[in-house]
Amino acid sequence: MGIVVENVTKQFGSFLAVDSVNLEVPTGSLVALLGPSGSGKSTLLRIIAGLETHDTGHVWLIGEDATYKSVQERQIGFVFQHYALFKHLSVRQNIAFPLEIRKFPKNRVQARVEELLDLIKLQGFGDRYPSQLSGGQRQRVALARALAVQPRILLLDEPFGALDAKVRKELRAGLRKLHEEVHVTTVLVTHDQEEAMEVADQIVVMNNGRVEQVGTPAEIYDHPATSFVMSFIGPVNVLPTTAGILPGRDLNPQTNEQVFLRPQDVLIQTDHTEDATPAKVYRILNLGWEIRVELVLKSGETVNAFLSREQFNKLNIEEEQRVYVKSKQARVFPAYVMR
């Protein structure tokens, strides 16, 4: 395994930031730590890097116990959200910096810098300064600098968080291609579900300092282990068991169970059938490639449905119209309670 975290705990005063976490990151993989603010993902990343001291547990890196090793001894590349480039140095000098402080021969430094400029597609930008680059270009330089000394592990802490949506999407694709070329064991911290789904081999969903689920993007989305995972990964309707969206199922309204239903799994029909519940079309939103239909159930609950343009045109529905809905696939979980 590239990284093994064993029973790691970290507390800041009365706040338990990381709670007995166990995690394995396969060598050469790209794994995303995904969760909301305060879930413990950045603290865990800093513990792996040696930038934060944990209270209990062990960290193994490439088969070696790194628990008591310094940051330098761990041979890790780290990329922060805000680039951390030296403003007074050119792109070429920024990338060369970690090599020069390790006393690499000048010819090796020059060759490695040119190799990395080619890798991040910034040939011809070597003599520019950070202020002359776009945000996306600066982040690519930060990635190249982290890779300069060929680290055993690359850690990325919300690297695209300060960039606009279009640039983030471009850099996500670039990161995935870059990883396929260098194959360094990589851990990416993000709160962006789409980012994690797009770039990661595996996703580690964190909440309240704990790991809720580990799996491939498809496993996390299609087979969520908890109510938190289902509500955090992708849009979802959360309904009481009394909403009537699961007809024929014996659900006890006295329990704390809730129904979780993806908008694309809401089926709308204009004809009444016994397995469907009445609803009224409250609002229709044309989002270009899909149509979002807001419905109000007979019980008073609001449900969102996502339809393709073809499905919508075939239904030919309009606002205020009475329709009938049922679920294609719903899950029942105990109601999520904030810690």
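Student: What share of the contacts with a separation of 6 or more comes from residues 24 or more positions apart?
Tutor: That share is 67% in the protein chain. Keep in mind that this is a predicted model.

Student: Okay, and how many helices and strands are there?
Tutor: The chain has 9 helices and 18 strands. Its C-alpha atoms fill a box of roughly 80 × 45 × 30 Å along the principal axes.

Student: What percentage of the residues is buried?
Tutor: Buried residues make up 47% of the 339 in the chain. As for the accessible surface, that comes to about 16900 Å², and carbon and sulfur atoms account for 48% of it.

Student: Switching to charges: how many positive and negative side chains are there?
Tutor: There are 38 positive and 40 negative ones. The centres of those two sets lie 6 Å apart.

Student: And how many salt bridges does the structure hold?
Tutor: It holds 18. One of them joins K328 and D265, with the closest N and O atoms 3.9 Å apart.

Student: Where do K328 and D265 lie?
Tutor: K328 is in the loop between β17 (322-327) and β18 (330-334), while D265 is in the loop between β12 (257-261) and β13 (266-269). The two are 63 residues apart in sequence, so the pair ties together parts that are separated along the chain.

Student: Is K328 buried or exposed?
Tutor: K328 counts as exposed, because its relative accessibility is 55% and the cut-off for exposed is over 50%.

Student: What about a salt bridge within a helix? Which helix holds R176 and E180?
Tutor: Both lie in helix α5 (residues 165-182). They sit 4 residues apart, about one turn of the helix, and their side chains meet in a salt bridge at 3.4 Å, N to O.

Student: Is R176 buried or exposed?
Tutor: R176 is buried, at 18% relative accessible area, because buried means under 20%. E180 has 44% relative accessibility, so E180 counts as partly exposed.

Student: Which residue forms a salt bridge with R46?
Tutor: That's E52, and the closest N and O atoms are 3.6 Å apart. E52 is partly exposed at 22% relative accessible area, and R46 is partly exposed too, at 29%.

Student: Last one: which residues are linked in a network of salt bridges?
Tutor: K169, R172, D192, E194 and E198 are linked that way.

How values were computed: Residues numbered from 1 in each chain as written. Predicted model: local features only at pLDDT ≥ 70, side-chain atom pairs only at ≥ 80, totals over all residues. Heavy atoms only, no water. Buried < 20%, exposed > 50% of the residue type's maximum accessible area, 1.4 Å probe, protein only. Contact = heavy atoms within 4.5 Å. Areas by Shrake-Rupley, 256 points an atom, 1.4 Å probe, with all protein chains shown as cover. Lys, Arg positive; Asp, Glu negative; His and termini not counted. Charge placed at Lys NZ, Arg CZ, Asp CG, Glu CD. Salt bridge = Lys/Arg side-chain N within 4 Å of Asp/Glu carboxyl O.
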